[in-house]
Amino acid sequence: MMTTFPLLTCCELLSIDPKTLRNWLRQANMSLQVHPTDRRAKCLSMEQVQHLAALHHRALPSNRTETSSVSEPIPLPDEATRLKQIAYLEAQMASFHQQLTQLYQPPPVMLPTPAQQKQIMLQEDVPTSAQEVSGDGAPDTGRQYSWIPLPAESRRRRVVPLIEYGAAGTYVIVCPQQGELLLAPDTPAWFAWLASISSFRFVGKAGRLGACRGYDQGPRRTWYAYRTIHQRDYKHYLGTTDHLTISCLEHMAATFQSYVE
């Protein structure tokens with residue numbers, strides 16, 4: 001195979017710039033040749049480079065005169081090697097996906113035990129100052145009760161949980177600390193979970209509201225619904241935890257919605 005050099009390599013061998021090389025080629029009436037592997041590239045043969053060096057008294061490097069400009073192709077991996085590389089990458093992706101799943105998996109829901117549920121329900125039967133709220137929401141004095149704060153009442157409040165009516169026709173419960181909770185409404189687990197929190201938001205079929213425990217006349221176990229409509233605050237009595245059924249929340253949300261219209 002004839003030894004050929006690209007134009008830039010010829011410039012390096014002759015220690016000149018490309019413009020000077022083209023002038024020398026015109027003076028010597030030499031024509032460029034097509035590169036053996038790339039027809040778009042132009043090159044010179046070894047004899048042409050030596051002739052230009054002799055005409056212009058240039059010394060060619062001895063370690064470059066015998067070097068071919070034709071670069072050898074880089075060997076590609078065979079099919080078996082590529083399959084092994086793909087399998088390795090897939091295993092790495094599967095491991096990474098498993099780590100992400102474990103990282104973002106919500107913690108399990110910790111519900112009170114039956115004994116704790118009974119104690120909570122007994123404590124919530126009455127408000128625990130010197131007064132008790134009757135069925136119509138009016139205070140009823142007469143008995144003294146001791147008050148033990150719930151865990152949710154003793155710590156600082158954060159983002160409240162959400163109960164929302166979903167597109168599938170079911171109610172979705174989302175807790176900021178535990179993620180989505182798989183609780184069926186109006187079940188013992190439902191009331192036990194409500195007894196463990198101090199406030200929540202409700203978005204139903206016909207309206208929405210916020211709910212929190214009442215503290216107007218001392219710490220109480222009763223619930224109140226509230227909503228701000230047209231820069232006016234509304235508040236209604238809901239009752240104790242065992243009265244917070246879906247129908248009760250939907251009815252109160254619809255009542256608030258009627259104030260908007």
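Select Pro 161. In this predicted model, Pro 161 is buried, with a relative accessible area of 7%. That is below the 20% cut-off for a buried residue. Pro 161 sits in the loop that runs between α6 (151-154) and β6 (162-165).

Next, show what touches Pro 161. Leaving aside neighbours within four places in sequence, its contacts are Val 174, Cys 175, Pro 176, Trp 193, Ile 197, Ser 199, Phe 200 and Arg 201.

**Stop two: α7**

Select α7, residues 188-195. Colour the buried ones: Trp 190, Phe 191, Ala 192, Trp 193, Leu 194 and Ala 195.

**Stop three: Phe 200**

Move to Phe 200. Again leave aside neighbours within four places in sequence. Phe 200 is then in contact with Val 160, Pro 161, Ile 163, Leu 194, Gly 210, Ala 211, Trp 223, Leu 244 and Leu 249. Leu 194 in that list is one of the buried residues of α7.

Which residues have the most contacts inside the largest nonpolar core? They are Ile 163, Phe 200 and Phe 202, in a core of 26 residues. To see where the core comes from, select these elements in turn:

- the strands β7 (171-175), β9 (199-203), β10 (208-213), β11 (223-229) and β12 (232-239), each supplying at least two core residues;
- the helices α7 (188-195) and α8 (246-260), each also supplying at least two.

Finish on α8. The largest share of this core, five residues, comes from that helix.

A second, separate core has 16 residues. Among them are Phe 5, Leu 7, Leu 13 and Met 30. Go there next.

**Stop four: α1 and α2**

Select residues 7-14 for α1 and residues 18-27 for α2. How do these two helices pack? Their axes are 9 Å apart, at an angle of about 90 degrees. The two helices are therefore roughly perpendicular to each other.

Show the side chains where they meet. From α1, pick Leu 7, Leu 8, Cys 10, Cys 11 and Leu 14. From α2, pick Pro 18, Leu 21, Arg 22 and Trp 24. By class, this contact has eight nonpolar residues, no polar ones and one charged. Leu 7 takes part in the contact and also belongs to the second core.

Between the helices, select Ser 15, in the loop from α1 to α2. Its phi is near 60 degrees, a positive value in a residue other than glycine. Ser 15 is exposed, with a relative accessible area of 57%.

**Stop five: His 230**

Jump to the loop between β11 and β12, the place of His 230. Here too phi is positive in a residue other than glycine, near 55 degrees. Is His 230 buried or exposed? At 62% relative accessibility, His 230 counts as exposed.

**Zoom out**

Show the whole chain. There are eight helices and twelve strands. Of the 261 residues, 33% are buried. The chain exposes about 17,000 Å², and carbon and sulfur atoms supply 55% of that area. Among contacts between residues at least 6 apart in sequence, 54% join residues at least 24 apart.

Notes
Residues numbered from 1 in each chain as written. Predicted model: local features only at pLDDT ≥ 70, side-chain atom pairs only at ≥ 80, totals over all residues. Heavy atoms only, no water. Axes fitted to C-alpha atoms, helices over the stretch in contact; angles between N-to-C directions. Helix = DSSP H or I, 4+ residues; strand = E, 2+ residues; numbered from the N terminus. Parallel < 35°, antiparallel > 145°, perpendicular 65-115°, else oblique. Contact = heavy atoms within 4.5 Å. Nonpolar A, V, L, I, M, F, W, Y, C, P; charged D, E, K, R; others polar. Core = buried A, V, L, I, M, F, W, Y, C linked by side-chain atoms within 4.5 Å. Buried < 20%, exposed > 50% of the residue type's maximum accessible area, 1.4 Å probe, protein only. Areas by Shrake-Rupley, 256 points an atom, 1.4 Å probe, with all protein chains shown as cover.
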